[in-house]
2 protein chains.
Amino acid sequence: MSELRVWAPSAKTVELVRADERTPLTRDGEHWTGPRPAVGEDYALSLDGGPPRPDPRAPWLPAGVHGFARVPELPPLTAEAPAYGLDDAIIYELHIGCFTEAGTFDGAIPELKRLAELGITHVQLMPVGAFPGRWGWGYDGVGLFAPQEAYGGPAGLRRLVDACHREGLGVLLDVVYNHLGPEGNYLRDFGPYFSWRHRTPWGEGINLDEALSDEVRAFIVDNAAMWIRDYGFDGLRLDATHALLDTNATHILEAIGEAVASAGAERGISPILIAEQLTNDPWVVRSRGDGGPGMAAQWSDDFHHALHALLSGESRGPFGDFGEMHHLARCLTAGWYFDGRHSNHYRRSFGRPYDLALGGHRIVAYNQNHDQVGNRAVGERLISLCGPERARIAAAMTLLGPGTPMLFMGEEYGATTPFQFFADFADEGLRGDVERGRRRELKEQGFGEAVPSPHDEQTYLRSKLDRREADPETEALYRDLIALRRRTPALRDGDLTAVRVEHGPRWLAMQRGDVVFGFNLGPEPVTIPTDGVPLLGDPSPELGTDRFGVWRGALSSG
Amino acid sequence: MSELRVWAPSAKTVELVRADERTPLTRDGEHWTGPRPAVGEDYALSLDGGPPRPDPRAPWLPAGVHGFARVPELPPLTAEAPAYGLDDAIIYELHIGCFTEAGTFDGAIPELKRLAELGITHVQLMPVGAFPGRWGWGYDGVGLFAPQEAYGGPAGLRRLVDACHREGLGVLLDVVYNHLGPEGNYLRDFGPYFSWRHRTPWGEGINLDEALSDEVRAFIVDNAAMWIRDYGFDGLRLDATHALLDTNATHILEAIGEAVASAGAERGISPILIAEQLTNDPWVVRSRGDGGPGMAAQWSDDFHHALHALLSGESRGPFGDFGEMHHLARCLTAGWYFDGRHSNHYRRSFGRPYDLALGGHRIVAYNQNHDQVGNRAVGERLISLCGPERARIAAAMTLLGPGTPMLFMGEEYGATTPFQFFADFADEGLRGDVERGRRRELKEQGFGEAVPSPHDEQTYLRSKLDRREADPETEALYRDLIALRRRTPALRDGDLTAVRVEHGPRWLAMQRGDVVFGFNLGPEPVTIPTDGVPLLGDPSPELGTDRFGVWRGALSSG
């Protein structure tokens, strides 16, 4: 674009600030325009003669979220994206800061080959839109168009995406449109970005459906399309879409879906959109022609909670709603457990029946993720709670089940490093609020009060992966499970009506196509009812405590 | 019911208060139970030893919204409801207080014969749930289960419904579930009825989707079902459904739809549910099996605004988006005008295309209603703004168009009495807020500041109909138009794809089936392109200024 264009409907003047020079922009309706700063040049905007503020659509914030913006020079995208569909997908969620010691986009590149060889199809980056401070999960982003400078900024991100494609990996990005972070958010100076009628647990809701909301919607829709078009991403994971409160006849998710599809079409790809819609509502994956917003897949925590409660024995918080084998069995055959029934945890009825015809692969399945690990007092991974044998059962269940599997970085080699909640806000009051809020919330969930400070650098450093603890046996198991899934169509088709499950209180056996998977968590051995040929795990269907097996054959119950 | 059952999840004690006697209720989970007071006995509830409060589900509030409740004895329903479907419907909206001088349910009964003879199929009562004060529109109700005492209470309402049925009229009730009135609202003492995250223009949103919301939803759903089951209503008009903010996988409208359908099934009827969903979103009339909540019909203001702007020449507020003949033509062939395009009034894009296959009769068409008349500074009806000739054109357009017609009480005989905004709050602060808020809002819409006080009894009395001004010619026209619609299937089928429209800047002609309707608002005569046989209005297709005609035949354009 050769033109700088800023939306500031109520401003009397808008100036482009460069070094000590201020140049007035020209009003064009609700917008203000002027010549675009040159590549490499620092600029900011001044509204009504006020202090310099970052452009809400700043493409680069080299001095952080409070500083001047700069127009980046982007390295070329040289490699073509692999053509994976949702039914091929094995997603790998990672946090750039914690994935490697360097904690940067470039630092991640040497690890990609390993992931590709493991059979991963898509890397999914936790949010990279500019957020305040030196470390953070990324969900408090405020510079949504500017890749975080501490990670390596725009150029680094392009290099990472290109490197992923070179390794045959697709790349998804986690994006947050339901709120903005509390620090460095100058958007409200520019226009009515926020809603008077919608609130979220993380701050004011976004103005998606009131006066002047067209430009707010465009801000989001353009951002989504930008990642696909300008950065080469192959899809997006949309954070907390249930908090995108929108009374428009066209929901913002549908508008995002259309824009992303057309940005993808220009590249000859069909980007994958995944909604973190934690309401167990099949609507979100209904197609756009059929009354839905057309997301490819959605999250549901039920599979995780069912599996976690069985393996860890935990019953606090949401796990109190689970803990019996039939909960897990239900997720495998019905998509999710909460289909409208009452949840003690939520203290209300939750969800509605999943539409089986949509296919189980439209629900993302994970046995841990950044939230489930990180939103614990000290961020323990599943393996630290239930030991390596049960963690392997979790891996097999996730990778052989009907949902689209997503791994959380490190689980594939038995990492035991925690993933803790870290942030780096500057404002003292906000730091205190965040720490107190977190402590209160975790206490309510039964974790007690010993919570590491999110603002302590050690909390961040402790959360980094340490490849030195890699367990080759675990890695081999993940590789074998993924390979089995990828070469077996019946494991990838998501056909929930074809899933057969038998279970007792402490064991479960599942057949999909000609693959049988069984595990035993009970103190006594059980015999999985199959005479299939051993493929993985224990060869004999008589399984001891915390053992599992995978066979080619059929369940022989009757 | 032989048991009194009160939801008060946080209370330590709940007592039944009768005269000076207090009897503790027994805790049953989140509820409290005890013997139901006898018919005719006054009772209240005391939470944690506090002052007597009305039961949120009080069936009768003879002493008003702050007073004791009473169990009513209901007169029998003796007559069967007529079996009108939506495609038969000619709805007549009325306000009990203003419909007759008596201003009561019983007072309305003698008027019913006249409405039935006119061809009305459904009387639609503005809200009757108990609201504070001696007069009010009813949208600030707080005793949702108790018919307003000033109107005649539960017994009076049953007599009115029964009388309607006896006259062959169906009865619909306007119900308000998106907020509660600001005075006499004791619900928050009982439980978390209100939402921390949803706000409406009229107060806090309802807790439809947070902890303990099941009972709040049941409160609404049971209320909707009660009107059908216990009072014999044949359907409901749901106020401002776009403000029923609900993130549940099952939207409250769908839950209401199910409950009302099953209450109707017990009576052998299919109740009609009409949503005031002012977002131009076809979703609301999609069936429950097809991803929608299954409302029978919805409101859209576009037809009204298009017609009103043409007839009145007004361009303030929403009318600035309309005023040309193609706006009206679009409503007749496409259901509504705003299909996603930008509205200057709303300052945003609005709506999405209507799904023509749903049928135009699923959109309610009115040339005035309580809001469009009453939300003007001095509440003028259309006839007072554009004169009787144009008001007749409005009547013909409404009654012959594809939408389901709804009349506003009095228009059928040319009433010129205003319908002004009136309320009777006791709290001085609230009275001031309401008056100031109303003055500000009307001023913003270009009405100036001369607004009668809503709290002045004269404002209420001025708004009553006065049958002495009945114009027989107007009444005859309405009777003829309704009769024509009712005997002509093509006028009732709502088939939008079959509507043919021709128009110039100031004239329009529409053909539906073999009926042609044309009108001319321009200063010069125009000839409607038809050689049909005259049915109503001017016999010759050459129409002078503000004239219309209806012919049996076809449009001969080309």
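Here is a short chat about helix packing, the core and the chain contact in this predicted model.

User: What makes up the contact of α5(B) with α6(B), by class?

Analyst: On the α5(B) side you'll find, among others, B:Ile220, B:Val221 and B:Ala224, and they belong to a group that meets residues of α6(B) including B:Ile256, B:Ala259 and B:Val260. By class, there are eleven nonpolar, one polar and three charged residues. Gly counts as polar, and B:Gly264 is among the α6(B) residues here.

User: Which residues touch the most other members of the largest nonpolar core?

Analyst: That core has 333 residues, and the ones touching the most other members are A:Leu236, A:Ala396, A:Leu481, B:Leu236, B:Ala396 and B:Leu481. Take A:Ala396: leaving out residues up to four places away in sequence, A:Ala396 touches A:Leu481, A:Phe517, A:Gly537, A:Phe548 and A:Val550.

User: How many residues does each chain give to the contact between chains A and B, and what makes up chain B's side?

Analyst: Chain B gives 31 residues and chain A gives 30. On chain B's side, β13 (194-200), α5 and β19 (348-349) each give two or more residues, with the largest share, five residues, coming from β13(B). By class, chain B's side has seven nonpolar, 15 polar and nine charged residues.

Definitions and conventions
Residues are numbered from 1 along each chain as its sequence is written. Chains are lettered from A and ligands numbered from 1 in the order in which they are written. This is a predicted model: local features need pLDDT of at least 70, side-chain atom pairs count only at pLDDT 80 or more; totals for chains, interfaces and linings use all residues. A nonpolar core is a set of buried Ala, Val, Leu, Ile, Met, Phe, Trp, Tyr and Cys residues joined through C-beta atoms within 7 Å. A residue is buried if 20 or more other C-beta atoms lie within 10 Å of its own, exposed if 12 or fewer, and partly exposed in between; C-beta atoms are placed from the backbone. Two residues are in contact if their C-beta atoms, placed from the backbone, lie within 7 Å. Helices (H or I, at least four residues) and strands (E, at least two) are DSSP runs, numbered from the N terminus.
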